[in-house]
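Welcome to this structure. Here are a few notes to read alongside the sequence and the 3D view.

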Amino acid sequence: VQLQASGGGLVQAGGFLKLSCAASGSIVDINVMYWYRQAPGKERELVASITSGGSTNYPDSVKGRFTISRDNAKKMVYLQMNSLKPEDTAVYYCNADIRSVWSYKYLEVWGQGTLVTVSS
């Protein structure tokens with residue numbers, strides 16, 4: 001089971017980007033899906049989360065600018081980022097609680113990260 005994130009890049013302040021993350025492998029179910037980010041010299045922080053039923057949660061720093069969504073059939077999670085600011089510059093990671101055919105438990109899986117750079 002793995003997560004593959006994509007969509008990062010360089011964008012000017014005020015611009016937008018959409019990140020995607022695909023889950024693959026012998027997956028039985030995906031519970032909550034997340035996006036985290038880690039800026040240079042800072043701790044990793046939660047950016048958004050979405051349950052399998054579509055309930056979302058955001059920290060105040062991105063609320064109103066970022067939107068998380070998912071396609072359960074495609075095993076995808078997305079992060080639409082609008083009105084980007086230089087302080088949004090970070091490596092963005094997708095994360096999910098996934099149950100595979102090999103386990104009765106949900107295990108935490110991390111994607112490899114995709115770099116988002118916002119220039120001023």
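1. A nonpolar core, as used here, is a set of buried Ala, Val, Leu, Ile, Met, Phe, Trp, Tyr and Cys residues joined through side-chain atoms within 4.5 Å. Please keep in mind that this is a predicted model.

2. Which residues touch the most other members of the largest nonpolar core? They are W35, L79, M81 and Y92, in a core of 31 residues. Strands β1 (2-6), β3 (17-24), β4 (27-38), β5 (45-50), β7 (66-71), β8 (76-81), β9 and β11 each supply at least two residues of this core. Its largest share, five residues, comes from β9. In soluble globular proteins, nonpolar side chains tend to be buried together.

3. Strand β11 deserves a look of its own. Spanning residues 114-119, β11 has T114, V116 and V118 on a covered face, while L115, T117 and S119 lie on an uncovered one. In a regular strand the side chains alternate between the two faces of the sheet.

4. Now for the partners of β11. Strand β2 (residues 9-12) runs parallel to β11 and is joined to it by four bridges; here G9 stands opposite V116. With β9 the pairing is antiparallel, over three bridges, and V91 is opposite L115.

5. Finally, the surface. V28, V101 and W102 form a nonpolar patch there, with about 360 Å² of accessible area together. Where is V101 found? V101 sits in the loop between β9 (90-100) and β10 (107-110). V101 counts as partly exposed because its relative accessible area is 49%, and the exposed class needs over 50%.

Terms used:
Residues are numbered from 1 along each chain as its sequence is written. This is a predicted model: local features need pLDDT of at least 70, side-chain atom pairs count only at pLDDT 80 or more; totals for chains, interfaces and linings use all residues. Side-chain values use heavy atoms; hydrogens and water are left out. Patches are made of residues with over 30% relative accessible area and no salt bridge: like charges are joined within 9 Å, nonpolar side chains (Val, Leu, Ile, Met, Phe, Trp, Tyr) within 5 Å. Accessible areas come from the Shrake-Rupley method with a 1.4 Å probe; for residues, only the protein chains shown count as cover. A salt bridge is a side-chain nitrogen of Lys or Arg within 4 Å of a carboxyl oxygen of Asp or Glu. Buried means under 20% relative accessible area, exposed over 50%, partly exposed in between (1.4 Å probe, protein chains only). Two strands pair if DSSP finds at least two bridges between them.
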